[in-house]
Amino acid sequence: MYNCKVYQECGSASMTLLNKDFRNLKEISEELGLTYQQIADISSRPDKKLYQKFKYYPEIKITRIPKIKNNIS
């Protein structure tokens, strides 16, 4: 599972465009209209890439959600 958050900082305010959980990176790529390779690149390296350093480029944060182990006896 992954959480994808797309947001834009607007001065002192932040506008969230998307904050949703997905089963895999392919689902995120389909939702955002980006290639799987772009999504894998964004999720694997948190530092900004050259194509993300524009003034009005929204922040895309992809976080892996760890599996919860069920230890109920």
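This is a stop-by-stop tour of one predicted protein chain.

**Before you start**

The model is predicted, so local features need pLDDT of at least 70, side-chain atom pairs count only at pLDDT 80 or more, and totals for chains, interfaces and linings use all residues. Residues are numbered from 1 along each chain as its sequence is written, and side-chain values use heavy atoms, with hydrogens and water left out.

**Stop 1: the whole chain**

Show the cartoon. The protein chain has two helices and three strands. Helices (H or I, at least four residues) and strands (E, at least two) are DSSP runs, numbered from the N terminus. From that end, the order is β-β-α-α-β. Colour by accessibility next. Of the 73 residues, 25% count as buried. Buried means under 20% relative accessible area, exposed over 50%, and partly exposed in between (1.4 Å probe, protein chains only). Now consider contacts, meaning heavy atoms within 4.5 Å. Among contacts with a separation of 6 or more, 39% come from residues 24 or more positions apart.

**Stop 2: the hairpin**

Select residues 2-10 for β1 and 13-22 for β2. These strands pair in the antiparallel sense over nine bridges. Two strands pair if DSSP finds at least two bridges between them. Strands of a sheet pair through backbone hydrogen bonds, either parallel or antiparallel. β1 and β2 form a hairpin with two residues between them. Pick Gly11 in the turn: its phi is positive, about 70 degrees. Cys10 stands opposite Ala13 in β2, and Gln8 stands opposite Met15 in β2.

**Stop 3**

The three strands form an open, antiparallel sheet in the order β2-β1-β3. Neighbouring strands are turned by 20 degrees against each other on average, direction ignored. Here axes are lines fitted to C-alpha atoms, for helices over the stretch in contact, and angles run from 0 to 180 degrees between N-to-C directions.

Zoom in on β1 and β3. Six bridges join these antiparallel strands. Lys5 has Lys61 of β3 as its bridge partner. Cys4 stands opposite Ile62 in β3. Now bring in α1. This helix packs on the sheet, touching β1, β2 and β3, and its direction makes about 135 degrees with that of β2.

**Stop 4: the helix pair**

Select residues 25-32 (α1) and 36-44 (α2). How do the axes of these helices cross? They come within 9 Å and cross at roughly 115 degrees. That makes α1 roughly perpendicular to α2. Angles under 35 degrees count as roughly parallel, over 145 as roughly antiparallel, 65 to 115 as roughly perpendicular and the rest as oblique.

Show side chains. From α1, the contact uses Leu25, Lys26, Ile28, Ser29 and Leu32. From α2, the contact uses Tyr36, Ile39, Ala40 and Ser43. These residues divide into six nonpolar, two polar and one charged. Ala, Val, Leu, Ile, Met, Phe, Trp, Tyr, Cys and Pro count as nonpolar, Asp, Glu, Lys and Arg as charged, and the others, Gly among them, as polar.

**Stop 5: Leu32**

Centre on Leu32, in helix α1. Is Leu32 buried or partly exposed? Its relative accessible area is 26%, so Leu32 is partly exposed. Leaving aside neighbours within four places in sequence, Leu32 is in contact with Cys4, Val6, Leu18, Ile39 and Ile60. Finish with a distance label from Leu32 to Ile60. Their C-alpha atoms are separated by 10.0 Å, and the residues lie 28 apart along the chain.
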